[in-house]
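Dear colleague,

I am passing on the structure below, together with some notes on what was found when going through it. Please keep the sequence open beside the text as you read.

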Amino acid sequence: PTTTPAPWRIQIEGGAEFTLAADEDTLLRGALRAGVPWPYECSVGGCGACRFDVLDGLMQTLWEAAPGLSERERKRGKRLACQSRPGGDCRVKVRLDPPAAGAMASRPPVRRMATLLARRPVTPDMDEFCFQLPEGDAGEFIAGQYALLYPPELGSPRAYSMANVPSERGSNPTVWRFVIRQVPGGVGSGLLFGLTPGAQLPIDGPYGHGHLQPGTRDVVCIAGGSGLGPMLSVARGVLAEPGTRRVHFFLGLRTQAELSAVKELDGLDPARLRLHTVLSSPSAEAPWVGPTGFVHEEAERTLAQPLAAHDFYFAGPPRMVEAVQEMLMLRHRVPFEQIHFDRFI
Ligand code: FES
């Protein structure tokens, strides 16, 4: 079958319909831009939340082996909307999220060309990248949301969370900051670390549901590795509010060499912020008198019980995210509405 030129009409079984313009690169991003509450989490093929069926029409798959689908699901014809691009009008089947799922309804993602303003080291393998958005682009987002960055010469995007807060948009020009870890052998982060100020990069966003919610309970942020970025954003968001809720910030690092990351919390209101730094593998060669081990276990040890008296936000490596979920949901019965995170790969 041959593809037909865009725009394409996408009909969702049971009613909703939207149009994908020529420049929409995936079914998911087209749906979200059209305000359709398509379910998703990672946007990059890892979580499986955006799965759907094609009932009619031509649909191309961008990443055949995306881990978001099992072999069995693939054989049954399941697809991932974040890894699919229509080749013409299509009819699809998907269970949409409830309408007006908060952020999405008011802030559809925008793809724009941003300019790298500055880069500075946070730890030996993490840098803060500060991108300037084009003039007139308000860059609205909610603390804790993420964006898709398109590293040069790479067809597929990488997801990174903003580390600043939207109130910084009052600054001129609008900037989005990201804390990015250079993954050993990682192609995407390797290309980003090759960028110098002045470089231009497409940035698409905001995305994500694990963002800051209004509330009155104290907030717990648990950050592992580059999960520092979104947790900084959430903490800054809470402390920028006029309310009295406090932030218990648990920062998991590997060794003393990474302790420079603690400086990122300088300037946050010490009366409402309590920082706990935990090293997973401290070096015997340097002094360390603080806690060691898994960062979520330190949270479990030190937070006042019951844990359900807090709202939880967390970001970090997949194993940490799983361990925190298990601790909160299974061991401490923290209600699901008090648990906020986005699954990346
Ligand atoms: Fe598509 Fe995660 S696999 S949103």
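The place to start is the pair Arg-181 and Asp-125, which form a salt bridge whose closest N and O atoms are 3.1 Å apart. This pair links distant parts of the chain, since Arg-181 belongs to strand S12 (residues 175-181) while Asp-125 sits in the loop between strand S8 (110-123) and strand S9 (126-132), 56 residues apart. Arg-181 is partly exposed, with a relative accessible area of 24%, whereas Asp-125, at 18%, counts as buried. Please bear in mind that the model is a predicted one.

Another salt bridge joins Arg-217 to Asp-311, with the closest N and O atoms 2.8 Å apart; here Arg-217 lies in the loop between strand S13 (200-207) and S14, and Asp-311 in strand S17, 94 residues apart. Arg-217 is partly exposed at 36% relative accessible area, while Asp-311 is buried at 5%. The structure holds 19 salt bridges, and Arg-120, Glu-128, Arg-177 and Glu-264 are linked in a network of them.

As for the overall layout, the protein is divided into domain 1 (8-101), domain 2 (108-207) and domain 3 (218-340), and the C-alpha centres of domain 1 and domain 3 lie 34 Å apart.

There is also an open sheet of five strands with parallel pairing, in the order S16-S15-S14-S17-S18, whose edge strands are S16 (273-279) and S18 (339-340). Helix H5 (residues 228-239) packs on this sheet, touching S14, S15, S16 and S17, and helix H7 (residues 318-331) also packs on it, touching S14, S17 and S18.

How values were computed:
Residues are numbered from 1 along each chain as its sequence is written. This is a predicted model: local features need pLDDT of at least 70, side-chain atom pairs count only at pLDDT 80 or more; totals for chains, interfaces and linings use all residues. Side-chain values use heavy atoms; hydrogens and water are left out. Domain bounds come from an automatic or database domain assignment. Two strands pair if DSSP finds at least two bridges between them. Helices (H or I, at least four residues) and strands (E, at least two) are DSSP runs, numbered from the N terminus. Contact means heavy atoms within 4.5 Å. Axes are lines fitted to C-alpha atoms, for helices over the stretch in contact, and angles run from 0 to 180 degrees between N-to-C directions. A salt bridge is a side-chain nitrogen of Lys or Arg within 4 Å of a carboxyl oxygen of Asp or Glu. Buried means under 20% relative accessible area, exposed over 50%, partly exposed in between (1.4 Å probe, protein chains only).
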